[in-house]
Amino acid sequence: MKASQAARRGPKPRPGTRDNLVQAGLRMFHADGYAATGVQGIAESVGVPKGSFYNHFASKEIFGAEVLDAYFDRNEDKLRSMLCNAAIAPLARLEAYFDDRIEAFRAVGFARGCLLGNISAEVADHSALMREHLVKHFASWSDFFESCIAQAQEEGMIENHLPAGLLARFILNSWEGALLRMRAEKSDEPLTDFKATIFNLLLR
């Protein structure tokens, strides 16, 4: 028997284990942060040995990139349903999206914030792979905002003639900063300040 064939004769990964690990990582990274969450704890949380983790992921970094993908995929449905509904005026869609997010953060005591922002602060200087995934997901998120803003400009609802893409990126950057202040202050004031400034000044 060839050595390569023998190496493949280990225990086969259980169906669903990979997804269970990703979902556990998503919860634990969001609650405790990337650095504070160990592979051992992730594996134990889904009832598998640590070695099983490495049957699915070659490294914690590769795992972290997949967790980021899962986080954005989970939230993309909300972005699409709230920001792509042509039956609602574009600015109303955008405002309703932020109202929904602000209420969600109130409900959890202004904790955790956005996983993309949290992970950016922890690993963007150290992991090219995870930075690549962060850049991709921030760009996709911004694109949803841009679509609403561009439509509102075309319909004369926004007189600000700065490019829709620039406005969208600024809004997302401002939102991420507001979330950091929200967590520090345990208050919705940074979020309501953000919303008032965006809709009463920038998107006029």
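Which residue lies over the face of tyrosine 34? Lysine 60 does, at 4.2 Å from the ring centre; a charge counts as over a ring if NZ of Lys or CZ of Arg is within 6 Å of the ring centre and within 35 degrees of the ring normal.

## Basis

This is a predicted model, in which local features need pLDDT of at least 70 and side-chain atom pairs pLDDT 80 or more, while totals for chains, interfaces and linings use all residues. Residues are numbered from 1 along each chain as its sequence is written, and side-chain values use heavy atoms, without hydrogens and water.

## Aromatic pairs

The count of aromatic pairs is 16, where rings of Phe, Tyr and Trp (its six-membered ring) pair if their centres lie within 6.5 Å, with planes under 30 degrees apart stacked, over 60 edge-to-face and the rest tilted. Phenylalanine 29 and phenylalanine 63 form an edge-to-face pair, 5.8 Å centre to centre with 75° between the planes. Because phenylalanine 29 lies in helix α2 (residues 17-32) and phenylalanine 63 in helix α5 (residues 60-83), the pair ties together parts 34 residues apart in sequence. Helices are DSSP runs (H or I, at least four residues), numbered from the N terminus.

The rings of phenylalanine 98 and phenylalanine 145 have centres 5.4 Å apart and planes at 50°, so this pair is tilted. Phenylalanine 98 belongs to helix α6 (residues 90-107) and phenylalanine 145 to helix α8 (residues 128-154), 47 residues apart. Both are buried, meaning under 20% relative accessible area with a 1.4 Å probe, protein chains only.

Note on methods: Helices (H or I, at least four residues) and strands (E, at least two) are DSSP runs, numbered from the N terminus. Buried means under 20% relative accessible area, exposed over 50%, partly exposed in between (1.4 Å probe, protein chains only).
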